[in-house]
Amino acid sequence: MQLKIALLPGDGIGPEVIDQAVKVVKAIGKKFGHSLSFETGLVGACAIDATGDPYPDTSHDICVGADAVLFGAIGDPKYDNDPKAKVRPEQGLLRMRQKLGLFANVRPTFTFPSLVHKSPLKLDRVDGVDFVFFRELTGGIYFGEPRGRNEQGTKAFDTNVYSKEEIVRLARMGFEAARGRRKLLTCVDKANVMATSRLWRETVQELALEYPDVKVEYEFVDAVAMRLIQWPKAYDVLITENLFGDILTDEASVISGSMGLMPSASLGSKVKLFEPIHGSYPQAAGKNIANPLATILSAAMMFDYAFGLKAESNAISDVVNQSLAEGMVTEDIAEGGKAYTTSEVGDWLAERLATN
Ligand code: IPM
Ligand code: MN
């Protein structure tokens, strides 16, 4: 296949982890006979520095013209500590999601046999955990209008808005995914308080009639926050709105032992985008210590979700498992054993793929 991949490394550790994913993707291309091309664009704080715009049109054009987008991370402490900044790196990410129509963010949580002991939870709770969040990504309180301050600047407001259509297209993806898994879907909302959540619940109830083979549970977001820690194996597919999904997927990502491990896919009607769940981790930027596996596993999701190439995707997951089992890991999971650098892990994976 001819595969054109847009690279948006972004800020912080983004460029370092994307470099490792590219090594792995190239190794896959060689192994399976695909011809690959890459084009790189700016997004986030680095794009503001270079152009004044966190998601310049040139970057958007690169994404639209590609078969898939691999994205690193955005964010810079100089903006986090300045709530008055007019242009923020995060605006680039939100605009990118909106302009690319990426309304569904698929965030899986699974465990690695060689790492379960690293989880903050007890072994019997985590061993075999396997669930996936479908987080709505282009609606809700992240985008609702009006938002801002009153004239005096003494009151601030954000608006949570959802249309039935937005809920249906996200929920449908969840139902379809549940069909291919354990056939359990949990609708996460706050229907006891919020009107938007009541519309979610009502809409999902209607849609459920089309999926009689899928068991549907409705749970309040606060209860899910608790049960995710208490008994994460209870879940299979979870669907939820943008803000709840943002919060719960960070919580979920540490269950597997390190935030540096969990990948994600953003899907919609156009090009698909793949990114690690962890952020820009500015403390580690440029030090060659960050864990590249979440980005490399995002590349594995790309082969599966964007190109329909399952064998290529599995080859990446397999080699990642081998690196974990053989202790070829970065310091966040090295645990007193030898810690390897970001680029050493990337090189090892690419070489192992060539010989596997
Ligand atoms: C995420 C991030 C973003 C979000 C930020 C950086 C805007 O936390 O992808 O989860 O809140 O969606
Ligand atoms: Mn987040």
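The model is predicted, so local features need pLDDT of at least 70 and side-chain atom pairs count only at pLDDT 80 or more, whereas totals for chains, interfaces and linings use all residues. Residues are numbered from 1 along each chain as its sequence is written, chains are lettered from A and ligands numbered from 1 in the order in which they are written, and side-chain values use heavy atoms, without hydrogens and water.

**View 1. The shell around ligand 1.**

**View 2. Polar side-chain atoms at ligand 1.** A polar contact is a pair of N or O atoms within 3.5 Å. An oxygen atom of ligand 1 lies 2.7 Å from a polar side-chain atom of Arg97. For Arg107, the distance from a polar side-chain atom to an oxygen atom of ligand 1 is 3.0 Å. In Tyr142, a side-chain N or O atom is 2.6 Å from an oxygen atom of ligand 1.

View 3. Glu145 and Pro146 are joined by a cis peptide bond, with omega about 0°.

**View 4. The backbone at Lys183.** Lys183, a residue other than glycine, has a positive phi near 65°. Most residues other than glycine have a negative phi, and most peptide bonds are trans.

How values were computed
Polar contact = N/O pair within 3.5 Å; in protein donor to acceptor, adjacent residues only side chain to side chain.
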